[in-house]
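Please keep the sequence and the structure in view while reading.

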Amino acid sequence: MVSATETITSRERLLATLNHKQPDRIPIDFGGTAVTGVHVSCVAALRDFYGLEKRPVKVHEPYQMLGILDDDLLDAMGLDVVGVFGRNTMFGFPAERWKSWMFNGIEVLVPGDFNITVDAKGDTLIYPEGDRTVPPSARMPKDGYFFDSIIRQEPLDEDKLDPKDNLEEFGFITQEDLDHLARSAKAAQATGRGAIASLGGTAFGDIALVPGPMLKHPKGIRDITEWYVSTSSRQDYVHKVFERQCEIALQNLERIYAAIGNSVQAVFVCGTDFGTQTSSFCSVKTFRSLYFPYYKQVNDWIHSHTEWKTFKHSCGSVFKFLPSFIEAGFDILNPVQCSATGMDPEQLKANYGEQLTFWGGGIDTQKVLPFGTPAEVREQVLRRCEIFSTGGGFVFNSIHNVQAATPVENIVAMLDAVHEFNGRK
């Protein structure tokens, strides 16, 4: 638990960190974004552990089944950051009008348009916009923990490929969505915590979005393999998609900033992954020719018009891309997958610690957090804090979301270790 006697607010702590100034302690984020979140089952377990009021946890991001961390849990965990999310989920329906659902033996709350069926194998199928008259867009295997997109790409005719088909999900923001963001940003600001906003529309080629899980009848190139092939063989097509997406995004950003101002300190720009465990999905040359121009336009606009810092998520081995990420204007790297090739934390901090804020990297979520002992968790957390915290530029988070079936004792050991380290400062 965090002492009630704090010299600065969590918001000020995050701002100092993002500006590479040494804060009084390392700020901590869990739940601020869809890549720094906590599986709903773990949120429920944490509420029980801390003895909080018993009530079902809301699933605000049903694609990965991430739970909302309410204020009482944020306080119990000692967290410094809250998220500002768009109105709609990955499946195209709003996160509102909550209803009860039994999920792997626990009661959770899901959005009102979270409409599902169960097939003969026991798999759970979910529908875009909650419309069960159209084919399902994602599947959760029986006894699974999250959804995977169903590929619904129609046969491709090279002569009839139209970039507009891959732009259907990237439209101009509605007044209803603007009003939602404005309310959410105001509420986040009122907490005194730091805030990061996920605004949508700037994720060029994010593979989670390519299948169009929010669309009833996705057209264009929607097969993941075909999309990756297209980044090599159909670059003119992909450029046309990105060019128009960027134009729309810049106009949306102007309207969003007019609605929320500098009430948030960071914005999640893109979740496109460029790294694998040992290598990458493309060359630096391809990144610079195909993606870089559009990231730079978005980041340049943000830095010219706002006080926001820009957040780039990319899993895996991305060390060779970091100079290009920095040149494109990204301020923040997440999830900082230290187990991937070339992602040694000491080298990352030494080479890029003055230019990038590392938001993540605090503990491995593939082995140590889910399968280690509390003592092993503590040891790794303390070491990562020691490496990353010097001179600011470090927001503690695990390497991607805390996954289902992670022992609650290990999650608490992780948090206790960060607070232990912070007590040394």
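The points below cover two helix pairs and then one further helix. The model is predicted. Two packed helices are described by the angle between their axes and the distance between the axes.

**Helix 6 and helix 7**
- The axes of helix 6, residues 235-260, and helix 7, residues 284-305, come within 11 Å and cross at roughly 10 degrees; because angles under 35 degrees count as roughly parallel, helix 6 is roughly parallel to helix 7.
- On the helix 6 side the contact includes Gln 235, Val 238, Phe 242, Cys 246, Leu 250 and Tyr 257, while the helix 7 side includes Thr 286, Leu 290, Tyr 294, Val 298, Trp 301 and His 305.
- The residues of this contact divide by class into 12 nonpolar, 6 polar and 2 charged.

**Helix 11 and helix 12**
- Helix 11, residues 374-388, and helix 12, residues 408-424, have axes that come within 8 Å and cross at roughly 40 degrees, which means that helix 11 is oblique to helix 12.
- The crossing of helix 11 and helix 12 is right-handed.
- Among the residues that meet here are Pro 374, Val 377, Arg 378, Val 381 and Glu 386 from helix 11, and Asn 410, Met 414, Val 418, Phe 421 and Arg 424 from helix 12.
- By class, the contact of helix 11 with helix 12 has 10 nonpolar, 1 polar and 4 charged residues.

**Helix 1 and the residue after it**
- Within helix 1, residues 10-18, the buried residues include Ser 10, Arg 13, Leu 14 and Thr 17.
- Just after helix 1, His 20 takes a positive phi of about 60 degrees.

Methods
Residues are numbered from 1 along each chain as its sequence is written. This is a predicted model: local features need pLDDT of at least 70, side-chain atom pairs count only at pLDDT 80 or more; totals for chains, interfaces and linings use all residues. Side-chain values use heavy atoms; hydrogens and water are left out. Axes are lines fitted to C-alpha atoms, for helices over the stretch in contact, and angles run from 0 to 180 degrees between N-to-C directions. Helices (H or I, at least four residues) and strands (E, at least two) are DSSP runs, numbered from the N terminus. Angles under 35 degrees count as roughly parallel, over 145 as roughly antiparallel, 65 to 115 as roughly perpendicular and the rest as oblique. Contact means heavy atoms within 4.5 Å. Ala, Val, Leu, Ile, Met, Phe, Trp, Tyr, Cys and Pro count as nonpolar, Asp, Glu, Lys and Arg as charged, and the others, Gly among them, as polar. Buried means under 20% relative accessible area, exposed over 50%, partly exposed in between (1.4 Å probe, protein chains only). A crossing is left-handed if the near helix is turned anticlockwise from the far one by less than a right angle, and right-handed if clockwise.
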